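User: I would like to learn how to read a structure, feature by feature. Please take me through this one.

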Amino acid sequence: MIRIAICEDETLLLNQLADTVKIILDKHSVSHTIELFTSGTALLVRAPFDLLLLDIAMKPLSGLELAKKLRTRGDDSKIIFITAHQQYAIDAFDVQAFHYLVKPVDVPKLETVLLKLCPSIQTERKCAIAIRQGTAVRRIPFEQVFYLEVINRKIHLHTENESLPFYGKLEELEPSLPETFFRCHRSYIVNFDHVQRYDKKDVWLNNMERIPLSKRRYQAFGLKFMDYLKESGDVF
């Protein structure tokens, strides 16, 4: 599922562009969601999207200013600028924009750009998790994640050297995680890549940490872990 945000301060153009993007992606069976914004300020307070389509000539915060703020906080969303002003093209690439389209948007050209971009987004989503901490955004490779833990309504992402808290729910995050991750407890998701051993109550990790394994998930954990070991070639 590719999460897309479109930001355009003219409502008619905003809806037309959203309809066009939807038609293109539906035509090519690309799973996606689209959210619409009429100001960059509203977009700034949201969690990162995979793809942003931004009008440059917005007020009071222009698309370029919005992109600079997003990049400063670590947001690496793909950006397509759409505007009537060709002179902004060089500035667009200063904020690592993927492409620049001039109004009125040429639909075949937009289709070509989207079809080039979407596979790379889908690949990146399979490799890392993006988390937001305050105004900063970080992308953590899945292979570095030891486990995820819920503490006081926050998710804490644990790597070998740090614990990164962010707002979210395991139920919403779980479907986007690769098959090496398993919900071993209502408050924990563990990465099999870092599991050393387990028993009926606990899972031991390679860094010697121990996390709980719930009784009702014990059997499913064992079966899934055995499948993981077979696929990795550790057992035959």
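User: Among contacts in the protein chain between residues at least 6 apart in sequence, what percentage join residues at least 24 apart?

Analyst: The model is predicted, so local features need pLDDT of at least 70, side-chain atom pairs count only at pLDDT 80 or more, and totals for chains, interfaces and linings use all residues. Residues are numbered from 1 along each chain as its sequence is written, and side-chain values use heavy atoms, with hydrogens and water left out. A contact means heavy atoms within 4.5 Å. Of the contacts between residues at least 6 apart in sequence, 51% join residues at least 24 apart.

User: How many helices and strands does the protein chain have?

Analyst: Helices (H or I, at least four residues) and strands (E, at least two) are DSSP runs, numbered from the N terminus. The protein chain has 7 helices and 15 strands. Its C-alpha trace spans about 65 × 35 × 25 Å along the principal axes.

User: What share of the 236 residues is buried?

Analyst: Buried means under 20% relative accessible area, exposed over 50%, and partly exposed in between (1.4 Å probe, protein chains only). Here, 44% of the 236 residues are buried.

User: What should the 17 residues of helix α1 span?

Analyst: The expected span is 1.5 Å times one less than the number of residues. For α1 (residues 11–27) that gives 24 Å. The end C-alpha atoms are 24 Å apart, which agrees.

User: Which residues of α1 are buried?

Analyst: They are Leu 14, Leu 17, Ala 18, Val 21, Ile 24 and Leu 25.

User: What do the buried residues of α1 pack against?

Analyst: They pack against β1 (2–7), β2 (32–37), β3 (51–55), β4 (78–83) and α5 (107–125). Helix α1 lies across β1, β2, β3 and β4, and runs at about 175° to β2. For such angles, axes are lines fitted to C-alpha atoms, for helices over the stretch in contact, and angles run from 0 to 180 degrees between N-to-C directions.

User: What is the order of the strands in the open sheet?

Analyst: Strands of a sheet pair through backbone hydrogen bonds, either parallel or antiparallel. Two strands count as paired if DSSP finds at least two bridges between them. This open sheet has 5 strands in the order β2-β1-β3-β4-β5, with parallel pairing. Its edge strands are β2 and β5 (99–102), each pairing on one side only. The twist averages 20° from one strand to the next.

User: How many bridges join β3 and β4?

Analyst: They pair in the parallel sense over 5 bridges. Leu 53 has Ile 80 in β4 as its bridge partner.

User: Which peptide bonds are cis?

Analyst: Most residues other than glycine have a negative phi, and most peptide bonds are trans. The bond from Lys 59 to Pro 60 is cis, with omega near 0°. Pro 60 sits in the loop between β3 and α3 (63–72). Another cis bond joins Lys 103 and Pro 104, with omega about -10°. Pro 104 is in the loop between β5 and α5.

User: Where is Ser 29 found, and is Ser 29 buried or exposed?

Analyst: Ser 29 is in the loop between α1 and β2. Its phi is positive, near 55°. At 68% relative accessibility, Ser 29 counts as exposed.

User: Where does Asn 152 lie?

Analyst: Asn 152 lies in the loop between β8 (147–151) and β9 (154–158). Its phi is also positive, near 50°. At 74% relative accessibility, Asn 152 counts as exposed.
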